[in-house]
Amino acid sequence: MKLDAKTIQQLAEILETAELTARDMVKITDAHSNMDWDDAYAIQDELRMRKERRGIRTVGYKAGLTSEAKMKQMGVDTPVFGFLSEYFAIADGGAALSSELIHPKAEPEIAFVLKHALTGPGCDVAAVLAATDYVVPAIEVIDSRYRDFKFDLKSVLADNCSSSRFVIGCRKTAVEGLDLPSIEVTLEKNGEIVAHGTGAAVLGHPAAAVAMLANVLAQRRQEIPAGAVVLSGAITEAIAAKAGDKINVRAGQLGSVSLNFV
Ligand code: OOG
Ligand code: MG
């Protein structure tokens, strides 16, 4: 660690204020170029604990930058991980309030809901599938707190990987006999298909992203608890959305999920 505890707390506070007031900021590595990976995760942990201390539950986790399309779009080359607080969740067909967001983008994902906790190291696709209660199609709304979505990996990790809102579909599908890599996924904006891909776009198998997340959390002595929702990462690039836009994601036999920006 290169930053002291006080600086970590201050940076978490600045990032959370940017989130809650929907105002952007410059990336934190501009002023703290010496920060390391542990500092970045420590800031994210502090962000989560600030919310938990106020009684806001953490309902899940997310993996990001797990597909070629996303890494290319954001100009980075390693997956990242964040947490999901209860107020990030929006019901299927519900509304995302643009006034609460800076410059939101929507992306299609496959979400896993766990029946058993997942603990690394050594977590793999088989372990994830065995611990999964069901999968659902999802829309993640990302909203980097950094100006123009410009960041490096340490800055984005500290910013909880742009996590902002998410919607999961209502149809629950068991993973037994399901071929997740071959699921075809389309992202529609206002009735037009704007991006498409298959489950395989996420590290060859979306469950591999969940396994990687469990293994990263294990390095920080954390696990993914039973009951958690886990977003496995965008299958396509993310699409900007503003008030008036309707986003729909179709994921073959997993069904569909939608969100209205108001
Ligand atoms: C970082 C978050 C990426 C995903 O699914 O790839 C992410 C970003 O692109 O702002 O959530
Ligand atoms: Mg995402």
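How much space lies in the second largest cavity? The second largest cavity holds about 60 Å³. The model is predicted, so local features need pLDDT of at least 70 and side-chain atom pairs count only at pLDDT 80 or more, whereas totals for chains, interfaces and linings use all residues. Residues are numbered from 1 along each chain as its sequence is written, chains are lettered from A and ligands numbered from 1 in the order in which they are written, and side-chain values use heavy atoms, with hydrogens and water left out.

Cavities and pockets were located on a 1 Å grid over the protein atoms alone. A cavity is a set of points where a 1.4 Å probe fits but cannot get out. A pocket is an open set with protein on both sides within 12 Å along at least five of seven lines. Lining residues have an atom within 4 Å of a point. Grid points are joined across faces, edges and corners, and a volume is the space filled by probe spheres set on the points.

The second largest cavity is lined by Leu15, Glu16, Glu19, Leu47, Lys51, Phe83, Phe88, Arg145, Asp159, Asn160 and Ser163. Helices (H or I, at least four residues) and strands (E, at least two) are DSSP runs, numbered from the N terminus. The most comes from α1, with three residues. By class, the lining has four nonpolar, two polar and five charged residues. Here Ala, Val, Leu, Ile, Met, Phe, Trp, Tyr, Cys and Pro count as nonpolar, Asp, Glu, Lys and Arg as charged, and the others, Gly among them, as polar.

In total, the structure holds two cavities of 30 Å³ or more. The largest cavity contains about 140 Å³ of space. Its lining comprises 18 residues, with Lys62, Leu65, Lys70, Ile142 and Cys161 closest to the centre. At least two lining residues come from each of β1 (58–64), α3 (68–74), β5 and β6. Strand β1 gives the most, with three residues. The lining divides into 10 nonpolar, three polar and five charged residues.

The largest pocket has a volume of about 230 Å³. Of its 13 lining residues, Trp37, Tyr41, Leu157, Val216 and Gln219 lie nearest the centre. Four elements, α2 (37–53), β2 (80–85), α5 (153–158) and α6 (206–219), each supply at least two residues of this lining. Nine of the lining residues are nonpolar, two polar and two charged.

Phe83 and Phe88, both in the lining of the second largest cavity, also belong to one aromatic cluster with Tyr87. Rings of Phe, Tyr and Trp (its six-membered ring) pair if their centres lie within 6.5 Å; planes under 30 degrees apart count as stacked, over 60 as edge-to-face and the rest as tilted. Two aromatic pairs were found in the whole structure. Phe83 and Phe88 are stacked, at 6.4 Å centre to centre and 25 degrees between the planes. Tyr87 and Phe88 have ring centres 4.9 Å apart and planes at 85 degrees, so this pair is edge-to-face. Phe83 is buried, at 1% relative accessibility. Phe88 is likewise buried, at 1%. Tyr87 is partly exposed, at 27%. Buried means under 20% relative accessible area, exposed over 50%, partly exposed in between (1.4 Å probe, protein chains only).

Two lysines lie over aromatic rings. A charge sits over a ring if NZ of Lys or CZ of Arg is within 6 Å of the ring centre and within 35 degrees of the ring normal. The charged end of Lys105 sits over the ring of Phe149, 4.0 Å from its centre. Lys154 lies over the face of Trp37, 5.2 Å from the ring centre.

The magnesium ion (ligand 2) has Glu107 (OE), Glu109 (OE) and Glu140 (OE) as protein donors, at 2.0 to 2.1 Å. Donors are N, O and S atoms within 2.8 Å of the metal (3.2 Å for Na, K and Ca); water is not among the atoms, so sites may look incomplete. The donor spacing in sequence is E-x1-E-x30-E. Glu107 lies in β5 (residues 105–114) and Glu140 in β6 (residues 132–142), so the pair ties together parts 33 residues apart in sequence. Both Glu107 and Glu140 are buried.

Backbone geometry was also examined. Most residues other than glycine have a negative phi, and most peptide bonds are trans. A cis peptide bond joins Gly120 and Pro121, with omega about -5 degrees. Cys161 has a positive phi, near 50 degrees, and is buried at 4% relative accessible area. Leu203 also has a positive phi, of about 50 degrees, but is partly exposed at 34%.
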